[in-house]
Amino acid sequence: MNDSTPSDSLSEKVALLKGEILSNLIRKQAHGPDTATSHDWWTAVCLTTRDRILENACEMRRAHRERNVKRVYYLSLEYLMGRLLENNLVNIGELDTTRAALKELGQDLDDLMDEGPDLGLGNGGLGRLAACFMDSLSTLDLPAIGYGINYEFGLFRQSFVDNKQVELPDEWRRFGNPWGICRPEYAVEVPMYGKVELKFDTNGKGTPVWTDTRSILGVPWDIPVTGYDTKTVNFLRLWESRASQEFDLGIFNRGGYVDAVRQKAESETISKVLYPNDSTEAGKELRLVQQYFFVTCSLQDIIKRHRKAGNSWEQLPDKAAIQLNDTHPAIAVAELIRLLTDEEGLSWDEAWKISHRTFSYTNHTLLPEALEKWSVPLFQKVLPRHLQIIYDINKQFLEQDVEKKWPGDTRKKSELSLIEESMPQQIRMAYMAVVCSHTTNGVAALHTELLKKDLFKPFDELYPGRIQNKTNGITPRRWLKACNPELSGLIDRSIGSDWPKDLDRLRDLEKFADDAAWKDEFMAIKLRNKERLGKLITQRCGITVDPTALFDVQIKRLHEYKRQHLNLLNIVTQYRRLLNNPDLDIVPRVFVFGAKAAPGYTLAKEIIHAINAVGEKINNDKRIQGKLKVAFLPNYGVSVAETIIPAADLSEQISTAGKEASGTGNMKLALNGALTIGTLDGANVEILEEVGEDNIFIFGLTVEEVEALGKKGYNSREFFQKNEELADTLEWLTSDFFAPSGSFNQLRYSLIEGNDPFLVFPDYTPYVATQGKVDRMFKDKDQWAKSAILNTARVGKFSSDRTIREYAEQIWNLPPERI
């Protein structure tokens, strides 16, 4: 899409836009141009852009209502949206017009875009995937609503003190959110706690009734989501918790000033923070309440819309496709059955059939310990009616489906039961999502294969064909066109400007891989992006880096299976080698990290501490002549990623084979011309298939080798003792050279006494050797440029548009609706 127009028309558009911006500045911000701050200008531009978007949104909603369309309802606990201004201007084709209008008003658009905060609605890949999917749903003209929570503080704002992570409130809504529109007319009441009693009719038949509940309000905020080069505008509907009774004047007048607002404070806690720390019982309870809160708000909203359209209950699956993004919203299946039976009077069989045809479920993990479970006593306390419904679902499942497939097999029933017989009993939410959905999907070919083979093997046997693959994707609008405008412009000039809606068109760039002039321009853009990142590193980390060095990037949530500590061991190894031989001929490198560790994940936080401590030593050691630098950018998020990704030379995708479901950072980095170093895990396998083995660096154990090593009996201490360089590296890392003695004891314990659960030691030597191959290729500038271009050219498969088309056609049965 190109928003260029003839000069007269452009001048008219600029003049009109200037008037709208000034109007919002004066009427909404109460400032004239002479007194407005940068934040005032940013808000005025956002509101002006939102106004234009909402014109299309209202037209689209009206058309959808008139046509009584089927919608997809995407239930996700997080949406990692980043900043919206630039992305929205790109999508509606008004980036250049807005830039010109602001220039005439004495403002710089780039400076203003930096003014706004990232929306604090998500954390990692799960939330970023949801954001990409919402972009694609609008771009493909598919009616959709994304449901979630309007967090007040998001996850947390990360800073480093003495090289350690410190969590601070992410006050992203402190000065308001110009994109959000409060919809109090759609508020819903949320019941919780209480008890279940039997109410008997005149015939003596008992009906369960949920009584003595505590109620809070769910108030929705809508954020419009634009499509690219289309009128379609969908929206996020995000729920904010409020007390059903804001203030008890009677208690206040009797002197109970704190108690008078206690209910308000407790109710509003629900939407305060994304992923509250669940290391305490109170934290676990808050998480369950949070999940139920957004699920019931969303389902009640869906039902209201369905009723208003005049549809019958039997038509619900034909008008609503509800996608569960991981297990966080899995309680939705029990809640819909409750609403249909208890509130609407349908029979159990009717409610079950409708619910089963309506839901589909995406699994995002292969780690059994990451599959969500809730204790039965906690459910009994918070959601007693839902516990009964889950017991009924489980009874039906075991007595009908499992008994039919494996008659008389009590062991199989115990294995597949939705209730785990532990102390206390646990509800297996992932199992419930599989049983109660018509389709379950994995998010990469390998991931789906392993779901069928291991994690959900009996379910695949029980329900052949129910488990599908839908390889993840990313939106090229944000992750190339917006974040890398120079490369986007080069592509436009070379193959045309239609590629953002058809990413396979990038294949046409292959012909330039051996074009010397084109390669020079491609790499010159990469260098300027590295210079830009270098400025950010200086600003945030206080170190100076050489933009001609190899920029080696690992940006992802901090978790052991993602193996940032394997990367760290290689850095320490290279540092030792340089100290032993300062003239060692290695490519200068800048190791760039971005990651947050969950507040209660102490080992992950220790790894962050170790990376920062090692970086501090390396960055200040003149003996190595600047050949290594380590930059851990604090508070990693979408906006930081938009600077890092266009600048990356090497993409670290080094998870233990069989542990990463897919990954999407690997796709973003490859799209922007970074070469991948990685294991055969997640979507790396498919990236290898697309870009070719000469344009990627693969190392390490395969899934089959990981399994074989486990069966044989892995002993990490033996690896440690037999590998002298590994042993010396780890001993040095955990000595008092980098930090006070004992600082990294938990890391050492995990790798040796803890038996290295994610197989860092077996992959250490292959990883270090493969990094040597990276060095050798990077020295060959011509070959590196060719491989970088081919990465950009060959990853069109990983557009989220392709993924969403597959969901729409193969799971949701959802046709596009154009106006």
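Phe 456 and Trp 812 touch the most other members of the largest nonpolar core, which holds 260 residues. Such a core is a set of buried Ala, Val, Leu, Ile, Met, Phe, Trp, Tyr and Cys residues joined through side-chain atoms within 4.5 Å. Helix H9 (residues 281–308) supplies the largest share of this core, 10 residues. The structure is a predicted model, in which local features need pLDDT of at least 70 and side-chain atom pairs count only at pLDDT 80 or more, while totals for chains, interfaces and linings use all residues. Residues are numbered from 1 along each chain as its sequence is written, and side-chain values use heavy atoms, with hydrogens and water left out. Helices (H or I, at least four residues) and strands (E, at least two) are DSSP runs, numbered from the N terminus.

Beyond residues up to four places away in sequence, Trp 812 touches Lys 70, Val 72, Leu 137, Ala 321, Gln 323, Ser 360, Ile 804 and Tyr 807, contact being defined as heavy atoms within 4.5 Å. Phe 456 is in turn among the contacts of Leu 451, together with Asn 363, Thr 365, Leu 366, Gly 442 and Lys 457, when neighbours within four places in sequence are left aside. Leu 451 lies in helix H17 and has a relative accessible area of 0%, so it is classed as buried (buried, under 20% relative accessible area; exposed, over 50%; partly exposed, in between; 1.4 Å probe, protein chains only).

Helix H17 spans residues 445–455, and its buried residues are Leu 446, His 447, Thr 448, Leu 450, Leu 451 and Leu 455. These buried residues pack against strands E16 (439–442) and E17 (467–469) and against helices H18 (457–462), H26 (684–691) and H27 (703–712).

Helices H2 (residues 38–67) and H3 (residues 85–92) pack at an angle of about 35°, and their axes are 11 Å apart. Axes are lines fitted to C-alpha atoms, for helices over the stretch in contact, and angles run from 0 to 180 degrees between N-to-C directions. The contact involves Trp 42, Val 45, Cys 46, Thr 49 and Ile 53 of H2, and Leu 85, Asn 88, Leu 89 and Ile 92 of H3.

Arg 385 is located in helix H14 (residues 384–405) and is buried, at a relative accessible area of 7%. The side chains of Arg 385 and Asp 342 are joined by a polar contact of 2.7 Å. A polar contact is a pair of N or O atoms within 3.5 Å; within protein, one must be able to donate a hydrogen and the other to accept it, and residues adjacent in sequence count only if both atoms are side-chain atoms. Outside four places in sequence, the contacts of Arg 385 also include Val 196, Pro 208, Trp 210, Arg 338 and Thr 341. Pro 208 is 177 residues from Arg 385 in sequence, yet their C-alpha atoms are 8.0 Å apart.

Ser 662 occupies the loop between strand E21 (650–653) and helix H25 (665–671) and is buried, with a relative accessible area of 3%. Its side chain reaches the backbone oxygen of Val 443 at 3.3 Å. Asp 552, in strand E18 (residues 550–555), is likewise buried, at 1% relative accessibility.
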